[in-house]
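Hi there,

Here is the structure I promised to pass on to you. Have a look at it first, and then read on for what turned up.

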Amino acid sequence: MAQESPKNSAAEIPVTSNGQLEDSHEHSFNRDLKCSLPVGLGLSETKIASHGFDGAKEGVVEAGQFPNKGSSASPKSSVISPSSAAASRLAGQGCDLIIPTGGRAQQKSGPVVLADEVKNPAMEKLELVRKWSLNTYKCTRQIISEKLGRGSRTVDLELEAQIDILRDNKKKYENILRLAQTLSTQLFQMVHTQRQLGDAFADLSLKSLELHEEFGYNADTQKLLAKNGETLLGAINFFIASVNTLVNKTIEDTLLTVKQYESARIEYDAYRTDLEELNLGPRDANTLPKIEQSQQLFQVHKEKYDKMRNDVSIKLKFLEENKVKVLHNQLVLFHNAIAAYFAGNQKQLEQTLKQFHIKLKTPGADAPSWLEEQ
């Protein structure tokens, strides 16, 4: 009997009767295999070499399929797929290996955090332009339909009447203001002429001895008229300033609110008409969302319209009270000043200015003195 060859313990791989690895040694084999792998090396690149004694040279034990007998093809490198238990243990280690179907190990990426979508400023501007264009189109269509007599408009009869009266009064007050400014300009020229005429009479009074008294009387008269004219001019300018404030500031501010109210009314009617047209159409899955959105927009513009109507009513009430108070005082001032001037009542004219706290500017009063300039 031939002597048995001694076997190396490292080459002993226990197998079952059908050629598969014994389950009892699977755990130790896979553990040793994992520990011997370098980091980043896939299992598909691993070969198990054993020093067998069945041949004259060292052999390679392939875990894959062997070529058929008689085939000249060289054996392919095998892929040893670990069991589910071994794969779970590999995944639990700190090496973070992921074995895809391709067989090559890849490094696992960290957690992915999806950031919120950043709003694009260009898209926001585009959305604002779209809303503005849609609103402008609806309002323009409403205005055209009203002018053509096809569309209906919401009318507050009492408020509209007050607005019409206010606009008519503004035109009349502007006419009074324009005439008062003309009177002030003409009176200023007359006063300037009277002052120059008084100086000329005074000069001739000194040079003409035979007419000294006559030229002197006329010089005093013209100078007194010029002084009274300056007093009257101060009262008229105060009247002009007060009426100008009433017309171009107080009334204009109220009319600006009226314009905002009218714009709100047009928007309200435009969206009301749009909602009425949608309600007259069919109601299905496509039109119901549009009707609901149109209802919401209509409610928003209705609240805006109601607010602006209330603001206009309040401003008209305050304006009327302020207008009566201001015009009462200014008309009394204008009447008393004109009557006292043409009556030649200098004392009454000066008393009128004191009553309304009007201070006349003396010639050269605006210019600083030489002490103030130093």
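**A serine to start with**

At a relative accessibility of 6%, Ser205 counts as buried, because the cut-off for that label is under 20%. One thing to keep in mind throughout is that this is a predicted model. Ser205 is found in helix α4. Setting aside the neighbours within four places in sequence, Ser205 is in contact with His212, Phe215 and Gly216.

**The whole chain**

Stepping back, the protein has eight helices and four strands. Read from the N terminus, the order of elements is α-β-β-α-β-β-α-α-α-α-α-α. The protein has 374 residues, and 26% of them count as buried. Taking contacts between residues at least 6 apart in sequence, 73% join residues at least 24 apart.

**How the helices pack**

Let me begin with α4 and α5. Their axes come within 6 Å and cross at roughly 160°. The two helices are therefore roughly antiparallel to each other, as the angle is over 145 degrees. The crossing in which α4 passes α5 is left-handed. Sorted by class, the residues in the contact of α4 with α5 are 31 nonpolar, 14 polar and 10 charged.

Next come α4 and α6, whose axes come within 12 Å and cross at roughly 25°. An angle under 35 degrees counts as roughly parallel, so that is the label for α4 and α6. Here too the crossing is left-handed, with α4 passing α6. On the α4 side, the residues making the contact are Leu159, Gln162, Ile163, Leu166, Asn169, Tyr173, Leu183, Leu187, Met190 and Gln194. On the α6 side they are Arg309, Val312, Ser313, Leu316, Leu319, Lys323, Leu327, Phe334 and Tyr341. By class, the contact of α4 with α6 divides into 13 nonpolar, four polar and two charged residues.

The crossing of α6 past α7 is left-handed. From α6, Leu333, Asn336, Ala337, Ala340 and Tyr341 meet Gln348, Leu349 and Thr352 of α7. The contact of α6 with α7 holds five nonpolar, three polar and no charged residues.

**The nonpolar core**

Which residues have the most contacts inside the largest nonpolar core? They are Ile163, Leu187, Ile251, Tyr261 and Val312, in a core of 41 residues. The elements giving two or more residues to this core are α4 (157–207), α5, α6 and α7. The largest share, 17 residues, comes from α5.

Apart from neighbours within four places in sequence, Val312 is in contact with Leu159, Ile163, Thr257, Val258 and Tyr261. Of these partners, Ile163 and Tyr261 are also among the core residues with the most contacts.

**Two more residues to look at**

Is Asp269 buried or exposed? Asp269 is buried, because its relative accessible area is 0% and the cut-off is under 20%. Asp269 is found in helix α5, which spans residues 212–280. Not counting residues up to four places away in sequence, Asp269 touches Gln142, Glu146, Ser152, Arg153 and Thr154.

Phe334 has its place in helix α6. With a relative accessible area of 26%, Phe334 is partly exposed, because that value falls between the 20% and 50% cut-offs. Leaving aside neighbours within four places in sequence, Phe334 is in contact with Leu183, Ile236 and Phe239. What separates the C-alpha atoms of Phe334 and Leu232? The separation is 8.8 Å, although the two residues are 102 residues apart along the chain.

Note on methods:
Residues are numbered from 1 along each chain as its sequence is written. This is a predicted model: local features need pLDDT of at least 70, side-chain atom pairs count only at pLDDT 80 or more; totals for chains, interfaces and linings use all residues. Side-chain values use heavy atoms; hydrogens and water are left out. A crossing is left-handed if the near helix is turned anticlockwise from the far one by less than a right angle, and right-handed if clockwise. Contact means heavy atoms within 4.5 Å. Ala, Val, Leu, Ile, Met, Phe, Trp, Tyr, Cys and Pro count as nonpolar, Asp, Glu, Lys and Arg as charged, and the others, Gly among them, as polar. Buried means under 20% relative accessible area, exposed over 50%, partly exposed in between (1.4 Å probe, protein chains only). A nonpolar core is a set of buried Ala, Val, Leu, Ile, Met, Phe, Trp, Tyr and Cys residues joined through side-chain atoms within 4.5 Å. Axes are lines fitted to C-alpha atoms, for helices over the stretch in contact, and angles run from 0 to 180 degrees between N-to-C directions. Angles under 35 degrees count as roughly parallel, over 145 as roughly antiparallel, 65 to 115 as roughly perpendicular and the rest as oblique.
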